[in-house]
Amino acid sequence: MVFSFISSITASSRLGLVAVMVAVLCLYMQYHLHSLQRTNFNGLEYIEDSKNSSGTRYRVLSRASSAGGSRAELELLLRPAAAGFYPKLPGSMPYHSNSQQEASVQVVSGLMGYSLDGHIATASAGEVLLLPAGTKHTFWCSGGEDLLLRLTLSPPGPMAEAFYENLAGLGATYGNVSQIHPLQLVVLLDAAGVTLEDVPAVVSWAIQRLLAPFARLLGFRASYPQYVSAGDVQAANAAAVQQAYKSGKLAFGFSAGGLLFPYYLGVAEELQRLGILQEDSQLAGASAGSLIVACLKSGLPLPTIQEACFQLADDCRRNGTRHRLKLVLERVLREVLPQDIAQRCSGQVHVAVTRLSPGVTPRLVSRFADREDLLGALLTSCHIPWYFDGSLFTSFRNTPCFDGGFTNFLPGVPGADATCRICCLPSKQLARIGNIAISPDAFVEWPHSLQQMLGWALEPADEQQLLMLIDCGRRDALAWAQQSGLAELAAGSAPLKGGTLSSSSSSNSSSSNSGSSSENDVVLSSLLEAGSRSSSSISSGTAAVPQQQQQQQQQQQQQQ
């Protein structure tokens, strides 16, 4: 009966039915993820991958960020009753390999069983198991007593110690590691660069190329803030950022964000003013993020970029955005970007695109043949299926592609010692995506919902709101610079000369002047010292200032 019904409907109706089914699945998974009561490891030194006390216990000894990204160390305690991915092997991981990570496993006490490239053996206290990149392996607790291991990751791979923290957190949330949602596990393993070796190669390929991107679209993430265990993570991150800045290898990554582009202008202006964002800084971006990184390398003054951005927004407000965003964006890019933009960006800018062949694959493009090639990369990175110009995908370098933000929402820069990741959406309302440093709700309470921000990303807000985004970008960039110690470290650096952007205060005399750097210093210093987001507020799109300062400003305006 079901098959006869399906065969009786038209092809377009079938497509619509599939779309409805996918939408229902997405809504269900979003409900599942939002209703999940995640175990919170914040403040704990020892973390465990089970709701009871019989799982595997982890302790982070040193983070990759505190060692310049070169190594990470953990302590693992595997118990005889710990759940594993193989029922009869306590505490076991899937039989896997990792081409981006090398490891050594030292047995401190107990007996470890292991499988190494198909060879099964045991190791006792004092022995060390070396795991070069690409080695197929797994290990488990053997001998009926607790097994204490010291794990050293060097190089630590894409997720480093965060892989084990999130594995433990997910295990504790779902019950144990064997009960983690399959799609969640696929995303975690894929983000860590893990290849499953006990399944056929075609299945492993399908997991990496098809299932993992699909799971991300449903809302599953590789990392969640609740699973970060104790340790001075903020200090470690600050040390890594300072070291990267000193060595000239501090990069900046900008997320997808649609028409929320003005936020990035405010961030860029403040980082340039502080001397942190330099002319030779490596940049990466997806979708709207790709536009800001190309504009920053164009040599154009920031006010010129702001004017072009506001012209695009005004056109979209008057004539519509859906199906014509490509037309408007391409016209603006051709008008403002210089003829030598490809030479300026090659090797300095990394543009995220999503390729559809072979499989759904994220790609970073950093070399551009000419101006047309760069424009093609930017338009491809912004190609929201159907919405952008009415087509599901576009062709870039003779390959079907679409929006880079779908598979690489917030790209990092390959080879950089540290990447400052910047997101124009409220990161605390999103599932955890990488280690976001700057976002609208990173340092103060953000009054706008994620739904409101997504609405502005697709249909431009009014000009006053866009100016407010610029102000907030300045505010958050300054707060991050102060928190990371770069504001003081870069104090002697010469700022880039890029002009001054407009602000909400310039178009509304009743709002406080958040464009003033000295005032921002006062406000944000008090916010950071207080350490409480609830003590801050938003007024006319800017950080609140003490009442006395507001009265003084009003008196000065009346006198003028």
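## A tour of the salt bridges

This predicted model holds 20 salt bridges, each one a side-chain nitrogen of Lys or Arg within 4 Å of a carboxyl oxygen of Asp or Glu. Local features here need pLDDT of at least 70, side-chain atom pairs count only at pLDDT 80 or more, and totals for chains, interfaces and linings use all residues. To find your way, count residues from 1 along each chain as its sequence is written, and note that side-chain values use heavy atoms, with hydrogens and water left out.

Start by selecting Glu 73 and Arg 150, whose closest N and O atoms sit 3.5 Å apart in a salt bridge. Glu 73 is in strand E3 (residues 72-78) and Arg 150 in strand E10 (residues 147-153), so this pair ties together parts 77 residues apart in sequence. Strands (E, at least two residues) and helices (H or I, at least four) are DSSP runs, numbered from the N terminus. Glu 73 is buried at 14% relative accessible area, while Arg 150 is partly exposed at 33%. Buried means under 20%, exposed over 50%, and partly exposed in between (1.4 Å probe, protein chains only).

Next, pick Arg 216 and Asp 190: their side chains meet in a salt bridge at 2.8 Å, N to O. Asp 190 is partly exposed, at 22%.

Now jump to Arg 331 and Asp 315, a salt bridge with its closest N and O atoms 2.9 Å apart. Arg 331 is partly exposed at 36%, and Asp 315 is buried at 8%.

Last stop: select Arg 63, Glu 161 and Glu 165, which are linked in a network of salt bridges.
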